[in-house]
Amino acid sequence: MAIVEVKVPQLSESVAEATLLQWKKKPGEAVQIDEILIEIETDKVVLEVPAPVAGVMAQIIKQDGDTVVADEVIAKIDTEGTEAVSPLEIKPVPAGGPPPGAPAAAPAAAATKGDVAMPAAAKLLAEQGLAATDVAGSGRDGRVTKGDVLAAVQAGAKPAAPAAAPAAAPKAAPAPAARAPLPAVSAPSVQSLGDRPEQRVPMSRLRARVAERLLQSQATNAILTTFNEVNMAPVMEMRKKFQEKFEKEHGVKLGFMSFFVKAAVAALKKYPVLNASVDGNDIVYHGYFDIGIAVGSPRGLVVPILRNVDQMSFADIEKKIAEFGQKAKDGKLGLEELTGGTFSISNGGVFGSMLSTPIINPPQSAILGVHATKDRAVVENGQVVVRPINYLAMSYDHRIIDGREAVLGLVTMKEALEDPARLLFDI
């Protein structure tokens, strides 16, 4: 037989270790080349580990929930095996069993795409004691999503009945070894204090990393926030006027985020310190504009990066943001898409937020918070009128950014949004 090792893929320099989520194959099951064997969760992304060759899963070395590092061997594939118990897993046949030359009982068929659960769904399945086969998938290629699991739980889905005891089973070749329990993603402990139950769930790697970075930001930055209000009527009118032609020409809707991104770039060009970062006792001024867009995902908050935004068109920005949103939903964002960034934008308005004080994303020195646009009474030329108003908030590191630059930078964004033609002429 020819054994090929399955290894943990290369992780980024900032990621020391990762966690195995859930094996999609058992020892003895057939695997196809490039078929996804398991997903690995880091503190930034979820990576898929494909089969390097076709064959039979011979041995699983690292179990669900184990902590692993880059290039560590986690399983072995027998390229010459058949879909039965792998030579590495063969055990003595009990007395009365089939003769050595008889064919072994075939294990369960290879998992189909419909049996594959997304990372957030896999964790929830483990918590509820369910398998991917217990839930009908509605995701791409029939994958099980978190929403599918929640719907199944509400509908009263129960785990499949355990297999009959060995004594009552018909005499046949031993089945593949049962999957080991999930040490890191097992069902949370539930304490019932009368009618006040409590549930204890361990943080995911991403959630723990987000918590660590937020505390780091507040501990190391002198964070101050400045606010301003923007009359969004000009942007809304321009968007309404060109929405149909824009979508027909570029295949994507014209949203508000591209206007906010372009307005932010205008301010960063005018006040470069907003685009800078602190490195020890040095201030690093970046000659490029990589803007992070905060996106909510089933795993938590992620901030993919728009590279060289000053060179992107409105259509380029809208397409990339839509792509990031879908990748975040599917857990497909790559490490290179989450690394770097010189400035960030957080849009709490999509959830209805009126006002907030965003926290700086280290090592950046400023972040723009965008909120819900609502009709409000404002005074113009001594008259009270109703306008669609959005409150902007910019948090900045007061160690290197003075109030003057911060306030004038936000005013630049306000002026660009209230007169969008400025963005076209770069004035």
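How many of the 14 residues of helix H5 are buried? In this predicted model, 11 of the 14 residues of H5 are buried, where buried denotes under 20% relative accessible area, exposed over 50%, and partly exposed the range in between (1.4 Å probe, protein chains only).

## Basis of the model

Residues are numbered from 1 along each chain as its sequence is written, and side-chain values use heavy atoms, with hydrogens and water left out. As the model is predicted, local features need pLDDT of at least 70 and side-chain atom pairs count only at pLDDT 80 or more, whereas totals for chains, interfaces and linings use all residues.

The average pLDDT (the predictor's confidence in each residue, from 0 to 100) is 80, and 79% of the residues score at least 70. Residues 98–114 stay under 50, and the model gives them 28 contacts beyond four places in sequence; a contact means heavy atoms within 4.5 Å. Residues 163–187 also have pLDDT below 50, with 31 contacts beyond near neighbours in sequence.

## Overall composition

The protein contains 8 helices and 21 strands. These elements are DSSP runs numbered from the N terminus (helices: H or I, at least four residues; strands: E, at least two). Of its 427 residues, 42% count as buried. Among contacts between residues at least 6 apart in sequence, 66% join residues at least 24 apart.

## Helix H5

Helix H5 spans residues 257–270 and reaches 20 Å from its first C-alpha to its last, close to the 20 Å expected at 1.5 Å a residue; the expected span is 1.5 Å times one less than the number of residues. Its buried residues include Met257, Phe259, Phe260, Val261 and Leu268. Lys262 is also one of the buried residues of H5.

Strand S19 (residues 366–370) is largely enclosed by the rest of the structure, because 5 of its 5 residues are buried. Ala366, Leu368 and Val370 lie on one side, with Ile367 and Gly369 on the other. In a regular strand the side chains alternate between the two faces of the sheet.

Two strands count as paired if DSSP finds at least two bridges between them. Strand S18 (residues 343–347) pairs with S19 in the parallel sense over 4 bridges, and serine 346 has glycine 369 of S19 as its bridge partner. Strand S21 (residues 383–397) runs antiparallel to S19 and is joined to it by 4 bridges; here leucine 368 is partnered with methionine 394 of S21.

## An open antiparallel sheet

An open sheet is formed by 4 strands in the order S5-S4-S2-S7, with antiparallel pairing. Its edge strands, S5 (46–50) and S7 (67–68), each pair on one side only. Strand S2 (residues 18–20) is linked to S7 by 2 bridges, and threonine 19 has threonine 67 of S7 as its bridge partner.

## Salt bridges

The structure holds 13 salt bridges, each defined as a side-chain nitrogen of Lys or Arg within 4 Å of a carboxyl oxygen of Asp or Glu. Glutamate 39 and lysine 24 form one at 3.9 Å, N to O. Glutamate 39 belongs to strand S4 (residues 36–41), while lysine 24 is in the loop between S2 and strand S3 (30–31), 15 residues apart. Both residues of this pair are buried.

Lysine 320 and glutamate 323 meet in a salt bridge at 3.7 Å, N to O. These two residues are 3 residues apart in helix H6 (residues 314–330), so about one helical turn separates them. Lysine 320 is partly exposed at 29% relative accessible area, as is glutamate 323 at 30%.
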